[in-house]
Amino acid sequence: MNSPVLSALSADHSAAESRMGALLLDSGKLTPENAERVLRTQKELGLRFGEAAVRLGLVSEDDIQQALARQFAYPYLQKGQANLSPRLVAAYEPFAPQVESLRAVRSQLMLRWFARGRRALAIVGMDEDDGASLFASNLAVVFSQLGEQTLLVDANLRGPQQQEAFGLKPRQGLSDLLAGRADLDVIARIPAFVDLSVMPSGTLPPNPQELLAREAFRNLNTQLESRYDVVLYDLPPFARGADALAVAERAGGVLLVARKHRTRVAAITRAVEQLVDAGAEVLGSVVVEF
């Protein structure tokens, strides 16, 4: 007599194998005819579906890994897929050491900030080209991979980078919304990651600091926090003005980004003092090598 537990495990295993085949078919990696070849080989040799498909040379190990990621709701892309920047390592190389470090930062933020009921976080670097914007975009990807409804807001109204990073066409964004010329329709869903959205910077304004300091920004942040689990603000570098102070105070929390062998400790110390005086909580700093 079969054990009900063993029967259930066998059914789960069969369902998983069937799901793998369906994912490979849906993605165009296998034709129906080749799927039948795989099934015959699987049965003859007692292999898993994916192993049989690889042995026959019909799919690659990368194809199997991506199908597994979809099976376990952990989306990522193969090189050349979508129109995203190749520098989004969290999207294209989810098992790279850099991405493991990103996930470690994510875990700390979940425990130290978001578990406290907070939803918004500002990310700011010290100087131009310090990698803060790239860090923010990769961090947004790993939050979305966790299943958190994530919004990345490009609040760098001086030198925005997120539109290019995510392959978005020119469109209205944050500045237009704050000026009363647009609404939340400016938010773009990222099809490759169902839990990720991006609000681009929009039209570059002549008065970025004044726009970000308006009460409209506070009201917008309240709206966004009610719609998303995680709202990340990518800010211009601290050296370029007081934009960061205005956004950080409204977001409540700030994560500083420093570049290895470049950012000076004195600059970070000054930034922390000014941010705390503005009413923001500095959660810490990360050192990047992007």
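Biologist: Which residue stands opposite Val124 in β6?

Modeller: That's Leu256. Keep in mind that this is a predicted model: local features need pLDDT of at least 70, side-chain atom pairs count only at pLDDT 80 or more, and totals for chains, interfaces and linings use all residues. Residues are numbered from 1 along each chain as its sequence is written, and side-chain values use heavy atoms, leaving out hydrogens and water.

Biologist: What makes β1 and β6 a pair of strands?

Modeller: Two strands pair if DSSP finds at least two bridges between them. Four bridges join β1 to β6, so they pass, and they run parallel. β1 also has β5 as a parallel partner, again over four bridges, and there Ala120 has Val231 as its bridge partner.

Biologist: And what holds paired strands together in general?

Modeller: Strands of a sheet pair through backbone hydrogen bonds, either parallel or antiparallel.

Biologist: How do you know what counts as a helix or a strand here?

Modeller: They're DSSP runs numbered from the N terminus: helices are H or I with at least four residues, strands are E with at least two. By that rule the chain has 13 helices and seven strands.

Biologist: Why is β3 called an edge strand?

Modeller: Look at the sheet order first. It is an open sheet of seven strands, β3-β4-β2-β5-β1-β6-β7, with mixed pairing. β3 (188-189) and β7 (281-288) each pair on one side only, which makes them the edge strands. Arg189 has Ser197 in β4 as its bridge partner.

Biologist: What makes you say that helices pack on this sheet?

Modeller: Contacts, meaning heavy atoms within 4.5 Å. Helix α7 (residues 132-145) touches β1 (120-125), β2 (150-154), β4, β5 (230-234), β6 (253-259) and β7. Its direction makes about 170° with that of β5; axes are lines fitted to C-alpha atoms, for helices over the stretch in contact, and angles run from 0 to 180 degrees between N-to-C directions. Helix α12 (residues 243-251) packs on the sheet as well, touching β1, β5 and β6, at about 155° to β1.

Biologist: Why is β1 described as mostly covered?

Modeller: Buried means under 20% relative accessible area, exposed means over 50%, and partly exposed lies in between (1.4 Å probe, protein chains only). Over the chain of 290 residues, 48% count as buried.

Biologist: Is Asn221 buried or exposed, and how do you know?

Modeller: Its relative accessible area is 4%, under the cut-off, so Asn221 is buried. Asn221 sits in helix α11. Leaving aside neighbours within four places in sequence, Asn221 contacts Ala120, Tyr233, Arg250 and Ala251.

Biologist: What makes Arg218 and Glu215 a salt bridge?

Modeller: A salt bridge needs a side-chain nitrogen of Lys or Arg within 4 Å of a carboxyl oxygen of Asp or Glu. Here the N to O distance is 3.3 Å, so the pair qualifies. Arg218 and Glu215 are about one helical turn from each other because they are three residues apart in helix α11 (residues 215-227). Arg218 has 31% relative accessibility and Glu215 has 46%, so both count as partly exposed.

Biologist: Which other residue does Arg218 bridge to?

Modeller: Glu249, at 3.4 Å, N to O. Arg218 is in helix α11 and Glu249 in helix α12, so this pair ties together parts 31 residues apart in sequence. Glu249, at 27%, is partly exposed. Shared partners join Glu215, Arg218, Glu249 and Arg250 into one network of salt bridges.

Biologist: How many salt bridges are there in the whole structure?

Modeller: Eight. One of them joins Glu281 and Arg116, with the closest N and O atoms 3.1 Å apart. That pair links distant parts of the chain, 165 residues apart: Glu281 in strand β7 and Arg116 in the loop between α6 (97-112) and β1. Glu281, at 32%, is partly exposed, and so is Arg116, at 46%.
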